[in-house]
Amino acid sequence: MKKIFKYTALALTALTLGSCNSFLDKMPDNRTTLDNEDKISDLLTTAYPTTSYLLVNELISDNCDYYDPTNHDGDRFGDETFQWKDVTETSNDCTDFLWTALYGDIAQANQALEAISELPDTTDSKVLQDKGEALLIRAYNHFILVNEFSQAYNPETSNKDLGIYYSKQVETYNSDAPRGTVAETYANIDKDIQEGLKLIGDDYTVPKYHFNKKAAYAFAARFYLFYDKWDEAVKYANLCLGSEPSLHDYDALEALPLSTSSQAITVAKTYCDAGANANLLIETANSYAGLAVGPWGYYTRYRHGNYIADNETFHAENIWGGKLLLRWKSFDNNTASSDFCVIMKVPAVFEEKDPVARTGYYHILNVTFSQDETLLVRAEAYTMLKQYDKACEDLNLWMHNFTKSTVQLTPESIQKFYKDIPYSYDDKDITKGSTIKKHLHPHFTIDAEGSVQESMLQCVLDFRRIETMHQGLRWWDIKRYNIVIPRRTMGSNGKPEKITDWLKQDDPRRAIQIPLTIRTAGVTPNPRN
């Protein structure tokens, strides 16, 4: 193992809430035992991410405001993360844990690939599926890493922007290797996706916890959208969605009782149900994110509160009409001590390890890929291709499923609606600064503000923000579109009291800093002003 392995192992053992020896129990090398397909399949179930970017990404996006520094439901890690600082504190959701665990998961995928190459029969259909799954897992873990720790893909600068080391060996990481560029990272992901898609299948006991075919197509669609390859994004979204996309049944979710803690968890688990056709890939992780984005009184210092909801998301007047038309309404509270507006889609599940001491740790479930989100991926790609009527078909389908609105969207009606809305933050009076529309500054070319294309992109991003609320994807959209956002401190009246910082265009903080332990091991840090 290279020297970075000891740092990775130490970081994981310090941060993992489960057994402190669990990582070392599996590593550094158990390849000699991987002598049949069943063992390789078992290994691959451990190679999916067991850490989550949800909490970090929600904190650093415009989905959260800062509620009173005297609020005790916060900590230094939360403060540093929210304020876009280079984090020095550790947490089960910290970037140290994310980085080291993802590279550990990549090592497991690489281990499976090496074991497959040594099997006597590498043409067996199940072995080929294992190989496809391992390649897609490797690609997906690197995709998370590059979107967290590097700048967004930029055709003008990605051949120079720092990427992340692309691990194709069993070792967890090589600190002597250069990080490479974002362009190189994306090219490697592209190669693994293309090879994996040729091999992936649906022969799993519970397909929704694996890269089944539809989940693989959804991943490819999202990747090519981020890669500015709009035709490819449409191609794979079509393969995923088919002729009749299956979307979430929001009427059924709204009908579930929601007045107790157990009922709230039931609603969130129902959203994540593997039996729901809308859900394509479901992941579990050791994380407190389910507590932070739920009505639990945890991390209430940083919240998607009623001010954001009233002006930018669920409660804001939108192209479909008002909030009463939502099929799945948010769960709200608006008091001085607890101001939140949430939807129950990320369950917090406590795993008790010691029933006497009542100690254990929290897991979350998260729908990593869904047909609803993939539908909006296709709508965005169609908009970039200027196939506006097709984009409107997808936007109408999503809107009529999420709301009771009978409005029929057209390119003209979308342009008129969004053109009449002021941009957020144009008014320097911070009490009047939020709307559902924000200036877009992507590094790919779009038409001028107020055009049909720009207005439709506003609509797509608006719908995507609501669709992916609490799931961390809004931060990646902010990066892709170079959206300027503030850090606001809210007053006791629930309205903005002051703005403490701005994330400006091309701000280097859009790439999360490489964790301190990893920098100490010799990995090049991200630049800062």
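How many bridges join strand E1 to strand E8? In this predicted model, two bridges join E1 (residues 65-67) to E8 (residues 485-490), and the two strands run parallel. Strands here are DSSP runs of E with at least two residues, helices are runs of H or I with at least four, and both are numbered from the N terminus. Residues are numbered from 1 along each chain as its sequence is written. Because the model is predicted, local features need pLDDT of at least 70, side-chain atom pairs count only at pLDDT 80 or more, totals for chains, interfaces and linings use all residues, and side-chain values use heavy atoms, with hydrogens and water left out.

Zooming out, E1 and E8 belong to an open, mixed sheet of four strands, ordered E3-E1-E8-E9; strands count as paired if DSSP finds at least two bridges between them. E3 (302-303) and E9 (496-503) sit at the edges with a single partner strand each, so one side of each has no neighbour in the sheet.

Now for the helices. H7 (residues 125-149) and H9 (residues 213-226) pack at about 35°, with axes 12 Å apart; axes are lines fitted to C-alpha atoms over the stretch in contact, and angles run from 0 to 180 degrees between N-to-C directions. Where they meet, H7 brings Leu-136, Ala-139, Tyr-140, Phe-143 and Asn-147, while H9 brings Ala-216, Phe-219, Arg-222, Phe-223 and Phe-226; contact means heavy atoms within 4.5 Å.
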